[in-house]
There are 2 protein chains.
Amino acid sequence: MKQDTEKIIIEAACKVFYEKGYNGTTMRDIAQTAGVNLALLHYYFRTKDKIFEIVFSDAFTSLFKKISQALTSDADIFEKIKLIITGYVQTAQKHPQLPGFVMHEMAVNSQLMLPIIMKYKEQNHVVNLFDNFYVEIEEAGKKGIIKKINPESLCTDILSLSFFPFMAKNYLTELIYKDKKTFNLMVKQRIEHITNSIISNIIV
Amino acid sequence: MKQDTEKIIIEAACKVFYEKGYNGTTMRDIAQTAGVNLALLHYYFRTKDKIFEIVFSDAFTSLFKKISQALTSDADIFEKIKLIITGYVQTAQKHPQLPGFVMHEMAVNSQLMLPIIMKYKEQNHVVNLFDNFYVEIEEAGKKGIIKKINPESLCTDILSLSFFPFMAKNYLTELIYKDKKTFNLMVKQRIEHITNSIISNIIV
DNA sequence: GTCTATAGCGGGATAGAC
DNA sequence: GTCTATCCCGCTATAGAC
(Lines give C-alpha, C1' and ligand atoms only; values in the text may rest on other atoms or scores of the structure.)
Protein backbone atom coordinates (compact mmCIF):
# COMPACT_ATOMS: atom_id res chain seq x y z
CA MET A 1 0.00 0.00 0.00
CA LYS A 2 3.06 2.29 0.02
CA GLN A 3 2.05 4.39 -2.99
CA ASP A 4 -1.54 4.77 -1.93
CA THR A 5 -0.79 5.83 1.60
CA GLU A 6 1.75 8.38 0.49
CA LYS A 7 -0.73 9.85 -1.93
CA ILE A 8 -3.55 9.87 0.61
CA ILE A 9 -1.37 11.71 3.11
CA ILE A 10 -0.28 14.37 0.63
CA GLU A 11 -3.84 14.94 -0.50
CA ALA A 12 -4.97 15.33 3.10
CA ALA A 13 -2.04 17.62 3.80
CA CYS A 14 -3.00 19.75 0.81
CA LYS A 15 -6.52 20.11 2.07
CA VAL A 16 -5.52 21.06 5.61
CA PHE A 17 -2.58 23.32 4.68
CA TYR A 18 -4.70 25.19 2.12
CA GLU A 19 -7.40 25.70 4.71
CA LYS A 20 -5.39 26.64 7.77
CA GLY A 21 -1.93 27.60 6.54
CA TYR A 22 1.37 26.22 7.76
CA ASN A 23 1.15 27.58 11.28
CA GLY A 24 -2.49 26.63 11.75
CA THR A 25 -1.97 23.04 10.66
CA THR A 26 -0.96 20.20 12.98
CA MET A 27 0.33 16.77 12.08
CA ARG A 28 -2.66 15.40 13.97
CA ASP A 29 -4.99 17.34 11.66
CA ILE A 30 -3.38 15.83 8.61
CA ALA A 31 -3.35 12.30 10.05
CA GLN A 32 -7.02 12.51 10.95
CA THR A 33 -8.01 13.96 7.58
CA ALA A 34 -6.05 11.21 5.83
CA GLY A 35 -7.55 8.58 8.14
CA VAL A 36 -4.14 7.24 9.11
CA ASN A 37 -2.00 7.13 12.19
CA LEU A 38 0.09 10.10 13.27
CA ALA A 39 3.31 8.07 13.27
CA LEU A 40 2.80 7.16 9.62
CA LEU A 41 3.29 10.74 8.55
CA HIS A 42 6.73 10.68 10.07
CA TYR A 43 7.44 7.26 8.63
CA TYR A 44 6.80 8.50 5.08
CA PHE A 45 7.96 12.11 5.24
CA ARG A 46 10.03 12.48 8.44
CA THR A 47 8.96 16.04 9.34
CA LYS A 48 6.11 18.48 8.99
CA ASP A 49 8.39 20.74 6.98
CA LYS A 50 9.05 18.02 4.41
CA ILE A 51 5.34 17.48 3.88
CA PHE A 52 4.80 21.18 3.62
CA GLU A 53 7.59 21.50 1.09
CA ILE A 54 5.87 19.01 -1.19
CA VAL A 55 2.48 20.68 -0.83
CA PHE A 56 3.81 24.18 -1.38
CA SER A 57 5.94 23.12 -4.29
CA ASP A 58 2.96 21.49 -6.00
CA ALA A 59 0.81 24.55 -5.34
CA PHE A 60 3.43 26.90 -6.69
CA THR A 61 3.87 24.74 -9.77
CA SER A 62 0.17 24.59 -10.53
CA LEU A 63 0.00 28.38 -10.39
CA PHE A 64 2.83 28.48 -12.83
CA LYS A 65 2.17 25.66 -15.27
CA LYS A 66 -0.58 27.37 -17.26
CA ILE A 67 1.09 30.72 -17.48
CA SER A 68 4.22 28.98 -18.66
CA GLN A 69 2.27 27.27 -21.43
CA ALA A 70 0.71 30.59 -22.38
CA LEU A 71 4.02 32.43 -22.47
CA THR A 72 5.74 29.82 -24.63
CA SER A 73 2.88 29.47 -27.11
CA ASP A 74 3.16 31.22 -30.45
CA ALA A 75 -0.10 33.11 -30.06
CA ASP A 76 -0.11 36.85 -30.62
CA ILE A 77 0.05 39.31 -27.76
CA PHE A 78 -3.72 39.55 -27.26
CA GLU A 79 -4.18 35.81 -27.35
CA LYS A 80 -1.33 35.34 -24.92
CA ILE A 81 -2.91 37.71 -22.43
CA LYS A 82 -6.22 35.90 -22.76
CA LEU A 83 -4.47 32.58 -22.17
CA ILE A 84 -2.71 33.88 -19.07
CA ILE A 85 -5.93 35.23 -17.56
CA THR A 86 -7.83 32.05 -18.41
CA GLY A 87 -5.10 29.91 -16.91
CA TYR A 88 -4.94 31.84 -13.67
CA VAL A 89 -8.66 32.14 -13.10
CA GLN A 90 -9.40 28.53 -14.04
CA THR A 91 -6.77 27.32 -11.61
CA ALA A 92 -8.28 29.49 -8.89
CA GLN A 93 -11.81 28.35 -9.73
CA LYS A 94 -10.67 24.77 -9.38
CA HIS A 95 -8.71 25.37 -6.16
CA PRO A 96 -10.10 28.55 -4.58
CA GLN A 97 -7.76 28.49 -1.59
CA LEU A 98 -4.60 28.03 -3.60
CA PRO A 99 -3.75 31.66 -4.37
CA GLY A 100 -4.25 32.74 -0.77
CA PHE A 101 -2.21 29.82 0.49
CA VAL A 102 0.77 30.59 -1.73
CA MET A 103 0.70 34.36 -1.18
CA HIS A 104 0.30 34.07 2.57
CA GLU A 105 3.08 31.55 3.05
CA MET A 106 5.40 33.64 0.92
CA ALA A 107 4.57 36.67 3.02
CA VAL A 108 4.81 35.01 6.42
CA ASN A 109 7.19 32.06 6.11
CA SER A 110 9.48 33.36 3.42
CA GLN A 111 12.61 31.77 4.92
CA LEU A 112 11.00 28.38 4.29
CA MET A 113 9.63 29.30 0.85
CA LEU A 114 12.54 31.02 -0.86
CA PRO A 115 14.77 27.92 -1.18
CA ILE A 116 11.84 26.02 -2.72
CA ILE A 117 11.22 28.80 -5.20
CA MET A 118 14.89 29.21 -6.06
CA LYS A 119 15.06 25.53 -6.91
CA TYR A 120 11.92 25.79 -9.00
CA LYS A 121 13.11 28.87 -10.86
CA GLU A 122 16.42 27.28 -11.78
CA GLN A 123 14.81 24.10 -13.04
CA ASN A 124 12.20 25.90 -15.13
CA HIS A 125 14.12 28.88 -16.54
CA VAL A 126 11.54 31.25 -15.15
CA VAL A 127 13.51 34.42 -15.74
CA ASN A 128 13.91 33.90 -19.49
CA LEU A 129 10.24 33.14 -19.86
CA PHE A 130 9.19 36.50 -18.48
CA ASP A 131 12.01 38.42 -20.14
CA ASN A 132 10.82 37.29 -23.55
CA PHE A 133 7.25 38.28 -22.76
CA TYR A 134 8.35 41.70 -21.52
CA VAL A 135 10.32 42.30 -24.71
CA GLU A 136 7.31 41.27 -26.76
CA ILE A 137 5.08 43.74 -24.89
CA GLU A 138 7.59 46.54 -25.34
CA GLU A 139 8.05 45.89 -29.04
CA ALA A 140 4.30 45.71 -29.60
CA GLY A 141 4.16 49.10 -27.89
CA LYS A 142 6.79 50.57 -30.17
CA LYS A 143 5.10 49.18 -33.27
CA GLY A 144 1.78 50.67 -32.20
CA ILE A 145 0.02 47.30 -31.92
CA ILE A 146 -0.80 48.16 -28.32
CA LYS A 147 -0.32 51.19 -26.09
CA LYS A 148 3.10 51.74 -24.59
CA ILE A 149 2.69 50.14 -21.21
CA ASN A 150 4.86 48.82 -18.43
CA PRO A 151 4.87 45.01 -18.77
CA GLU A 152 5.41 44.47 -15.04
CA SER A 153 2.37 46.61 -14.25
CA LEU A 154 0.34 44.63 -16.75
CA CYS A 155 1.29 41.36 -15.04
CA THR A 156 0.54 42.86 -11.63
CA ASP A 157 -2.92 43.92 -12.78
CA ILE A 158 -3.70 40.53 -14.30
CA LEU A 159 -2.62 38.72 -11.16
CA SER A 160 -4.50 41.15 -8.93
CA LEU A 161 -7.77 40.85 -10.79
CA SER A 162 -7.44 37.08 -11.16
CA PHE A 163 -6.42 36.04 -7.66
CA PHE A 164 -7.69 38.64 -5.22
CA PRO A 165 -11.40 37.74 -5.37
CA PHE A 166 -10.56 34.20 -4.28
CA MET A 167 -8.20 35.33 -1.55
CA ALA A 168 -10.73 37.79 -0.19
CA LYS A 169 -13.87 35.70 -0.58
CA ASN A 170 -15.04 36.13 3.00
CA TYR A 171 -14.25 39.82 3.07
CA LEU A 172 -16.10 40.41 -0.18
CA THR A 173 -19.14 38.35 0.76
CA GLU A 174 -19.40 40.25 4.03
CA LEU A 175 -18.92 43.76 2.69
CA ILE A 176 -19.36 43.99 -1.04
CA TYR A 177 -21.76 41.27 -2.10
CA LYS A 178 -25.31 40.96 -0.89
CA ASP A 179 -25.07 37.17 -0.78
CA LYS A 180 -22.93 34.21 -1.83
CA LYS A 181 -25.00 33.72 -4.94
CA THR A 182 -24.03 37.12 -6.32
CA PHE A 183 -20.41 36.40 -5.46
CA ASN A 184 -20.49 33.09 -7.29
CA LEU A 185 -22.02 34.76 -10.32
CA MET A 186 -19.10 37.19 -10.39
CA VAL A 187 -16.63 34.30 -10.19
CA LYS A 188 -18.27 32.62 -13.18
CA GLN A 189 -18.02 35.75 -15.28
CA ARG A 190 -14.55 36.62 -14.09
CA ILE A 191 -12.48 35.47 -17.06
CA GLU A 192 -14.50 37.46 -19.57
CA HIS A 193 -14.68 40.48 -17.31
CA ILE A 194 -10.93 40.65 -16.64
CA THR A 195 -10.04 39.98 -20.25
CA ASN A 196 -12.25 42.82 -21.43
CA SER A 197 -10.94 45.31 -18.96
CA ILE A 198 -7.28 44.44 -19.47
CA ILE A 199 -7.54 44.42 -23.26
CA SER A 200 -9.51 47.66 -23.42
CA ASN A 201 -6.73 49.29 -21.43
CA ILE A 202 -4.01 48.37 -23.90
CA ILE A 203 -5.62 48.73 -27.33
CA VAL A 204 -4.56 51.86 -29.19
CA MET B 1 1.98 53.79 33.72
CA LYS B 2 -1.26 51.95 32.99
CA GLN B 3 -2.16 53.81 29.80
CA ASP B 4 1.32 53.68 28.35
CA THR B 5 1.85 49.97 28.93
CA GLU B 6 -1.48 49.07 27.39
CA LYS B 7 -0.65 51.10 24.33
CA ILE B 8 2.85 49.65 24.06
CA ILE B 9 1.49 46.12 24.20
CA ILE B 10 -1.14 46.71 21.53
CA GLU B 11 1.40 48.34 19.24
CA ALA B 12 3.76 45.40 19.67
CA ALA B 13 0.87 42.99 19.13
CA CYS B 14 -0.04 44.80 15.91
CA LYS B 15 3.49 44.49 14.61
CA VAL B 16 3.78 40.79 15.41
CA PHE B 17 0.26 39.78 14.34
CA TYR B 18 0.61 41.67 11.04
CA GLU B 19 3.91 39.93 10.39
CA LYS B 20 3.14 36.37 11.42
CA GLY B 21 -0.63 36.06 11.56
CA TYR B 22 -2.70 34.83 14.49
CA ASN B 23 -1.42 31.26 14.43
CA GLY B 24 2.20 32.25 13.94
CA THR B 25 2.21 34.67 16.85
CA THR B 26 3.00 33.73 20.46
CA MET B 27 2.35 35.73 23.59
CA ARG B 28 6.08 35.52 24.25
CA ASP B 29 6.72 37.18 20.86
CA ILE B 30 4.45 40.05 21.74
CA ALA B 31 5.88 40.45 25.23
CA GLN B 32 9.44 40.55 23.92
CA THR B 33 8.58 42.99 21.14
CA ALA B 34 6.84 45.23 23.67
CA GLY B 35 9.75 44.89 26.07
CA VAL B 36 7.48 43.83 28.90
CA ASN B 37 6.85 40.68 30.90
CA LEU B 38 4.70 37.85 29.59
CA ALA B 39 2.42 37.97 32.62
CA LEU B 40 1.62 41.61 31.93
CA LEU B 41 -0.15 40.75 28.71
CA HIS B 42 -2.54 38.56 30.65
CA TYR B 43 -2.89 41.17 33.38
CA TYR B 44 -4.08 43.78 30.88
CA PHE B 45 -5.92 41.67 28.31
CA ARG B 46 -6.54 38.25 29.91
CA THR B 47 -6.15 36.12 26.74
CA LYS B 48 -4.40 36.07 23.39
CA ASP B 49 -7.80 36.17 21.71
CA LYS B 50 -8.73 39.41 23.44
CA ILE B 51 -5.54 41.08 22.23
CA PHE B 52 -6.13 39.75 18.76
CA GLU B 53 -9.68 41.04 18.76
CA ILE B 54 -8.46 44.56 19.44
CA VAL B 55 -5.74 44.37 16.78
CA PHE B 56 -8.04 42.90 14.14
CA SER B 57 -10.82 45.31 14.92
CA ASP B 58 -8.46 48.29 14.54
CA ALA B 59 -7.09 46.87 11.30
CA PHE B 60 -10.55 46.28 9.89
CA THR B 61 -11.60 49.77 10.88
CA SER B 62 -8.61 51.44 9.26
CA LEU B 63 -9.39 49.63 6.01
CA PHE B 64 -12.89 50.96 6.25
CA LYS B 65 -12.56 54.49 7.58
CA LYS B 66 -11.38 56.11 4.37
CA ILE B 67 -13.81 54.34 2.11
CA SER B 68 -16.57 55.36 4.46
CA GLN B 69 -15.54 59.00 4.19
CA ALA B 70 -15.40 58.68 0.42
CA LEU B 71 -18.83 57.07 0.16
CA THR B 72 -20.53 59.67 2.34
CA SER B 73 -18.91 62.68 0.67
CA ASP B 74 -20.96 64.68 -1.84
CA ALA B 75 -18.41 64.30 -4.61
CA ASP B 76 -19.59 63.10 -8.01
CA ILE B 77 -19.20 59.48 -9.07
CA PHE B 78 -15.76 59.92 -10.62
CA GLU B 79 -14.41 61.81 -7.65
CA LYS B 80 -15.82 59.21 -5.29
CA ILE B 81 -14.04 56.42 -7.11
CA LYS B 82 -10.81 58.37 -7.00
CA LEU B 83 -11.26 58.93 -3.28
CA ILE B 84 -11.88 55.24 -2.64
CA ILE B 85 -8.79 54.17 -4.58
CA THR B 86 -6.66 56.83 -2.93
CA GLY B 87 -7.91 55.84 0.50
CA TYR B 88 -7.24 52.13 0.02
CA VAL B 89 -3.82 52.48 -1.56
CA GLN B 90 -2.62 55.11 0.90
CA THR B 91 -3.65 52.91 3.81
CA ALA B 92 -1.78 49.99 2.26
CA GLN B 93 1.27 52.13 1.53
CA LYS B 94 1.35 53.19 5.17
CA HIS B 95 0.75 49.66 6.50
CA PRO B 96 1.78 47.22 3.76
CA GLN B 97 0.96 44.11 5.77
CA LEU B 98 -2.51 45.21 6.74
CA PRO B 99 -4.50 43.98 3.72
CA GLY B 100 -2.89 40.56 3.82
CA PHE B 101 -3.43 40.30 7.54
CA VAL B 102 -7.15 41.07 7.33
CA MET B 103 -7.83 38.91 4.28
CA HIS B 104 -5.89 35.95 5.63
CA GLU B 105 -7.49 35.97 9.06
CA MET B 106 -10.92 36.24 7.48
CA ALA B 107 -10.12 33.28 5.28
CA VAL B 108 -8.54 31.08 7.94
CA ASN B 109 -9.98 32.08 11.29
CA SER B 110 -13.43 33.17 10.21
CA GLN B 111 -15.17 31.83 13.33
CA LEU B 112 -13.13 34.31 15.36
CA MET B 113 -13.57 37.17 12.88
CA LEU B 114 -17.24 37.09 12.00
CA PRO B 115 -18.53 38.21 15.42
CA ILE B 116 -16.09 41.15 15.37
CA ILE B 117 -17.25 42.15 11.91
CA MET B 118 -20.93 41.76 12.76
CA LYS B 119 -20.46 44.11 15.69
CA TYR B 120 -18.63 46.58 13.49
CA LYS B 121 -21.22 46.46 10.74
CA GLU B 122 -24.08 47.12 13.12
CA GLN B 123 -22.36 50.06 14.75
CA ASN B 124 -21.38 51.67 11.47
CA HIS B 125 -24.39 51.03 9.23
CA VAL B 126 -22.17 49.43 6.64
CA VAL B 127 -24.95 47.99 4.53
CA ASN B 128 -26.67 51.31 3.89
CA LEU B 129 -23.40 52.93 2.93
CA PHE B 130 -22.81 50.49 0.11
CA ASP B 131 -26.43 50.31 -0.95
CA ASN B 132 -26.46 54.04 -1.60
CA PHE B 133 -23.27 53.82 -3.61
CA TYR B 134 -24.62 50.95 -5.69
CA VAL B 135 -27.79 52.89 -6.48
CA GLU B 136 -25.69 55.87 -7.48
CA ILE B 137 -23.63 53.72 -9.86
CA GLU B 138 -26.72 52.20 -11.39
CA GLU B 139 -28.45 55.53 -11.89
CA ALA B 140 -25.34 57.05 -13.43
CA GLY B 141 -25.39 54.10 -15.81
CA LYS B 142 -29.00 54.69 -16.75
CA LYS B 143 -28.40 58.39 -17.28
CA GLY B 144 -25.44 57.66 -19.54
CA ILE B 145 -22.91 59.39 -17.27
CA ILE B 146 -20.97 56.14 -17.14
CA LYS B 147 -21.28 52.74 -18.77
CA LYS B 148 -23.83 50.32 -17.38
CA ILE B 149 -21.68 48.28 -15.03
CA ASN B 150 -22.12 45.96 -12.12
CA PRO B 151 -21.31 47.97 -8.98
CA GLU B 152 -20.15 44.91 -7.07
CA SER B 153 -17.69 44.03 -9.84
CA LEU B 154 -16.41 47.58 -9.80
CA CYS B 155 -15.72 47.38 -6.07
CA THR B 156 -14.07 43.98 -6.50
CA ASP B 157 -11.76 45.37 -9.18
CA ILE B 158 -10.83 48.42 -7.12
CA LEU B 159 -10.05 46.28 -4.09
CA SER B 160 -8.12 43.76 -6.18
CA LEU B 161 -5.92 46.32 -7.86
CA SER B 162 -5.39 48.27 -4.63
CA PHE B 163 -4.61 45.48 -2.19
CA PHE B 164 -3.18 42.54 -4.07
CA PRO B 165 0.25 44.03 -4.85
CA PHE B 166 0.85 44.52 -1.14
CA MET B 167 -0.41 41.07 -0.23
CA ALA B 168 1.74 39.42 -2.88
CA LYS B 169 4.87 41.53 -2.50
CA ASN B 170 7.25 38.57 -2.14
CA TYR B 171 5.60 36.62 -4.95
CA LEU B 172 5.78 39.59 -7.29
CA THR B 173 9.36 40.51 -6.44
CA GLU B 174 10.42 36.93 -7.06
CA LEU B 175 8.55 36.34 -10.31
CA ILE B 176 7.37 39.55 -11.93
CA TYR B 177 9.75 42.31 -10.93
CA LYS B 178 13.46 42.35 -11.69
CA ASP B 179 14.25 43.91 -8.33
CA LYS B 180 12.71 45.59 -5.29
CA LYS B 181 13.43 49.02 -6.75
CA THR B 182 11.12 48.36 -9.71
CA PHE B 183 8.48 47.05 -7.35
CA ASN B 184 8.69 50.14 -5.17
CA LEU B 185 8.37 52.35 -8.22
CA MET B 186 5.15 50.56 -9.15
CA VAL B 187 3.81 51.07 -5.63
CA LYS B 188 4.48 54.79 -5.85
CA GLN B 189 2.60 55.11 -9.12
CA ARG B 190 -0.19 52.80 -8.07
CA ILE B 191 -2.93 55.32 -7.25
CA GLU B 192 -2.66 57.07 -10.59
CA HIS B 193 -2.38 53.81 -12.48
CA ILE B 194 -5.43 52.22 -10.91
CA THR B 195 -7.51 55.36 -11.18
CA ASN B 196 -6.77 55.65 -14.89
CA SER B 197 -7.56 52.05 -15.66
CA ILE B 198 -10.76 51.96 -13.62
CA ILE B 199 -12.05 55.27 -14.98
CA SER B 200 -11.22 54.43 -18.59
CA ASN B 201 -13.28 51.29 -18.20
CA ILE B 202 -16.44 53.09 -17.13
CA ILE B 203 -16.48 56.28 -19.24
CA VAL B 204 -18.94 56.17 -22.09
C1' DG C 1 4.00 -0.78 6.92
C1' DT C 2 1.20 0.25 10.68
C1' DC C 3 0.23 0.77 15.33
C1' DT C 4 0.72 2.39 20.71
C1' DA C 5 3.16 4.81 23.95
C1' DT C 6 5.89 8.33 25.31
C1' DA C 7 9.76 11.63 25.28
C1' DG C 8 10.63 16.46 25.06
C1' DC C 9 9.51 20.98 24.13
C1' DG C 10 6.94 25.25 23.51
C1' DG C 11 2.64 27.33 24.13
C1' DG C 12 -1.23 29.92 26.97
C1' DA C 13 -2.39 30.93 31.32
C1' DT C 14 -2.05 31.69 36.51
C1' DA C 15 -0.27 32.10 41.48
C1' DG C 16 2.00 34.76 44.35
C1' DA C 17 6.11 37.70 45.73
C1' DC C 18 7.47 42.45 45.48
C1' DG D 1 1.56 47.26 38.16
C1' DT D 2 5.28 44.34 37.35
C1' DC D 3 8.00 40.47 38.05
C1' DT D 4 9.49 35.09 38.64
C1' DA D 5 8.16 30.56 38.76
C1' DT D 6 5.29 27.11 37.34
C1' DC D 7 1.17 24.40 35.74
C1' DC D 8 -0.64 21.86 32.14
C1' DC D 9 -1.82 20.96 27.65
C1' DG D 10 -0.95 20.03 22.80
C1' DC D 11 2.51 19.76 19.54
C1' DT D 12 6.46 17.35 16.80
C1' DA D 13 9.03 13.52 16.71
C1' DT D 14 10.72 8.86 17.94
C1' DA D 15 11.14 4.12 20.06
C1' DG D 16 9.61 -0.17 19.80
C1' DA D 17 5.84 -3.84 19.49
C1' DC D 18 3.29 -6.22 15.95
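Me: D157(A) forms a salt bridge with R190(B). How far apart are the closest N and O atoms?

Reply: A salt bridge is counted when a side-chain nitrogen of Lys or Arg lies within 4 Å of a carboxyl oxygen of Asp or Glu. For D157(A) and R190(B), the closest N and O atoms are 2.9 Å apart. D157(A) sits in helix α9 of chain A and R190(B) in helix α12 (residues 190-200) of chain B, so the pair joins two chains. This is a predicted model, in which local features need pLDDT of at least 70 and side-chain atom pairs count only at pLDDT 80 or more, while totals for chains, interfaces and linings use all residues. Residues are numbered from 1 along each chain as its sequence is written, chains are lettered from A and ligands numbered from 1 in the order in which they are written, and side-chain values use heavy atoms, with hydrogens and water left out.

Me: How many salt bridges are there between chain A and chain B?

Reply: The count between the two chains is six, and over all chains it is 14. Among those between the chains is the pair R190(A) and D157(B), with N to O at 2.9 Å. Helix α9 (residues 151-167) of chain A gives the largest share of the side of chain A that touches chain B, namely 12 residues.

Me: How is the extent of the interface to be read, and what area is buried between chain A and chain B?

Reply: Contact means heavy atoms within 4.5 Å; buried area is the accessible area (1.4 Å probe) that two parts lose on being put together, summed over both. Here 50 residues of chain A and 51 residues of chain B take part in the contact. The buried area is about 4400 Å², and carbon and sulfur atoms give 60% of it.

Me: Which elements make up chain A?

Reply: Helices (H or I, at least four residues) and strands (E, at least two) are DSSP runs, numbered from the N terminus. Chain A has 12 helices and zero strands. Its C-alpha trace spans about 60 × 45 × 30 Å along the principal axes.
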